[in-house]
Structures are given as structure tokens and as C-alpha cells.
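Here is a short note for a colleague who is opening this entry for the first time. Please keep the sequence and the 3D view side by side while reading.

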Amino acid sequence: MKNGIVETYQTYASKIGNRKALYGAVAKEFDIRTAIYPGSHIDIAPSMVIPKVTYIDNCKGAIDFFKRMDAIREFIGQNKEYPDACEIYFLGQDFTKPLEIEESDLLISQYAGFVGQAAKKLLKVGGILLSNDSHGDATLARFDEDYGFIGIVDRQNRIRCDGLDKYFALPKGKPVYLEAVRSFGRKRKGAWHQQD
Ligand SMILES: C[S@@+](CC[C@H](N)C(=O)[O-])C[C@H]1O[C@@H](n2cnc3c(N)ncnc32)[C@H](O)[C@@H]1O
């Protein structure tokens with residue numbers, strides 16, 4: 001890798017936005033101690049607010065980045081917001097294949113496909129799935145009986161647990177077509193609004 005991990009991560013964070021406040025708000029609200037992040041690429045912000053995080057990604061950029069684990073641990077050690085030692089693990093593999101990892105308090109799904117479906121076994125009963133809907137993963141979780149919809153995080157990273165009926169609802173009570181979400185995901189955003 002040409003640059004050091006700090007520079008590589010900071011360049012990445014400047015593109016995706018610093019998500020420390022998002023992960024920190026969720027960790028604080030739900031007392032999260034452990035997390036699994038399939039499709040993480042090099043978004044290591046969770047480790048700044050959660051003591052034990054396992055990252056999973058099968059792309060070369062992520063695999064190369066996480067080879068520098070000592071430097072990553074040192075960087076997190078200098079920037080973490082909890083007193084415990086940080087525990088950081090990385091698996092450079094396909095998260096849809098069987099994974100031998102302990103269940104965690106939090107499963108993170110950010111722009112990486114149907115993580116909430118593929119990796120739900122890695123979540124403790126009563127654990128939290130933090131998902132955006134970029135690829136339709138939040139929609140699938142919303143209508144999945146294994147999950148309960150307990151809140152949203154707003155743009156100011158405030159967690160709101162009331163008035164949830166208005167989310168994932170189509171105008172005039174039209175049904176959501178989950179097969180369309182699974183088939184098209186992000187390629188046809190809004191596909192689940194139509195049956196065809
Ligand atoms: C668009 S990036 C998002 C990265 C990060 N979650 C973020 O929000 O900044 C999607 C990442 O998911 C990874 N990914 C997608 N499908 C995967 C799979 N089945 N197994 C492992 N990694 C996967 C890709 O390699 C890529 O690094």
C-alpha cells in the first residue's frame with residue numbers, strides 16, 4: 001500500500017463522511033460492546049466507539065489495508081472514546097459464506113448489499129441491526145419477522161423511536177414488493193414500489 005493507513009483511512013473518511021457520531025450514538029443508546037461489520041471496506045470508525053469489532057470484506061483494497069493491523073490498532077488506540085483496549089479483527093472473505101464468529105451486539109450494514117439477511121445469525125438475540133437502505137437492506141429487515149423495527153437515526157445522529165409508522169410505508173398503503181427489492185436492490189431504487 002502506497003500511503004500509511006492513517007492517510008488512507010482519512011482520505012476514505014473524507015469521501016464517505018465521518019461516521020463516528022452515527023456509530024457512537026447507537027453504541028451509547030444500546031450499550032454496544034461488540035460489533036460485526038460485513039462489507040466494511042476500510043470504514044474503521046466503529047472501532048473508535050466500540051471496543052470489539054470484526055470487519056469482513058473480500059476486496060483487495062480492504063485486505064491490503066487490514067494487513068497493517070498493528071498500525072490500525074495504534075491509530076484506534078490514539079482515537080478511541082472508551083477506556084478498554086480495542087479489539088479489532090478482519091476476515092477477508094465473502095460474508096454470504098459460512099462465518100465462524102461469535103455473535104455480537106451490533107451488526108452494521110452500510111452500502112454493501114443484503115448484510116442484514118446474510119449475516120443475521122451473527123447477531124445476538126436482542127442485538128441491533130444498524131442498516132441504511134441504500135441497497136434495500138433496511139427494507140428487507142423491516143418486513144423480516146426475525147427483526148423488530150425499533151428506531152431510526154436522523155441526520156443529526158439522534159435516535160428516534162416514535163412515529164415509526166411513516167417509514168417504509170408507500171402512499172395509499174400500497175404493498176412493498178420484497179422480491180423486487182431482492183432482485184433489483186439499488187439498481188432500480190424505488191423498484192419495490194411496483195409489481196412489474
Ligand atoms: C460500497 S462499499 C461500502 C463500504 C463501507 N461499508 C462504507 O459504507 O464505507 C461495499 C463493500 O462491500 C464489500 N462487499 C460487497 N459484497 C461483499 C461480500 N459478499 N463479501 C464481502 N465483502 C463484500 C465490497 O468489497 C466493498 O468493499
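Predicted model: local features only at pLDDT ≥ 70, side-chain atom pairs only at ≥ 80, totals over all residues.

The points below start with the sheet, move to the helices and end with single residues.

1. Five strands make an open sheet, in the order S3-S2-S1-S4-S5. The pairing is parallel. Strands of a sheet pair through backbone hydrogen bonds, either parallel or antiparallel. S3 and S5 stand at the edges, and each has a single partner strand, so one side of each is left without a neighbour in the sheet. On average, neighbouring strands of this sheet are turned by 20 degrees against each other, direction ignored.

2. Helix on the sheet. H2 packs on the sheet and touches S1, S4 and S5. The direction of H2 makes about 150 degrees with that of S5.

3. Strand S2. S2 covers residues 52–56. Of its 5 residues, 4 are buried, so S2 is largely enclosed by the rest of the structure. S1 and S2 run parallel and are joined by 5 bridges. Pro 38 stands opposite Ile 56 in S2. S2 also pairs with S3 (residues 87–91), again in the parallel sense and over 5 bridges. Here Lys 52 has Glu 87 in S3 as its bridge partner.

4. Buried side of H2. Helix H2 spans residues 20–30. Its buried residues are Leu 22, Tyr 23, Gly 24, Ala 25, Val 26 and Ala 27. What do they pack against? The list is S1 (34–38), H3, S4 (104–109), S5 (123–131), S6 (152–153) and S7 (159–160). Asp 31 follows H2 and has a positive phi, near 50 degrees.

5. H1 against H5. Two packed helices are described by the angle between their axes and the distance between the axes. For H1 (residues 5–16) and H5 (residues 69–79), the angle is about 65 degrees and the axes are 10 Å apart. That makes H1 roughly perpendicular to H5. Ile 5, Val 6, Tyr 9 and Gln 10 come from H1, and they meet Ala 71, Ile 72 and Phe 75 in H5. The residues of this contact divide into 6 nonpolar, 1 polar and no charged.

6. Ser 47. Is this residue buried or exposed? Ser 47 has 1% relative accessibility, so it counts as buried. It lies in helix H3 (residues 46–49). Its side chain makes a polar contact with the side chain of Tyr 55, at 2.6 Å. Leaving aside neighbours within four places in sequence, Ser 47 is in contact with Val 53, Tyr 55, Ile 76, Lys 80, Tyr 82 and Ile 88. Please look at this residue in the 3D view.

7. Most residues other than glycine have a negative phi. Which way does the phi of Tyr 111 go, positive or negative? It is positive, about 60 degrees, although Tyr 111 is not a glycine. Tyr 111 sits in the loop between S4 and helix H6 (115–118). Asn 157 is not a glycine and has a positive phi of about 60 degrees. Its place is the loop between S6 and S7. With 26% relative accessibility, Asn 157 counts as partly exposed.

Key. Residues numbered from 1 in each chain as written. Heavy atoms only, no water. Axes fitted to C-alpha atoms, helices over the stretch in contact; angles between N-to-C directions. Helix = DSSP H or I, 4+ residues; strand = E, 2+ residues; numbered from the N terminus. Parallel < 35°, antiparallel > 145°, perpendicular 65-115°, else oblique. Contact = heavy atoms within 4.5 Å. Nonpolar A, V, L, I, M, F, W, Y, C, P; charged D, E, K, R; others polar. Buried < 20%, exposed > 50% of the residue type's maximum accessible area, 1.4 Å probe, protein only. Polar contact = N/O pair within 3.5 Å; in protein donor to acceptor, adjacent residues only side chain to side chain. Pairing = 2+ DSSP bridges.
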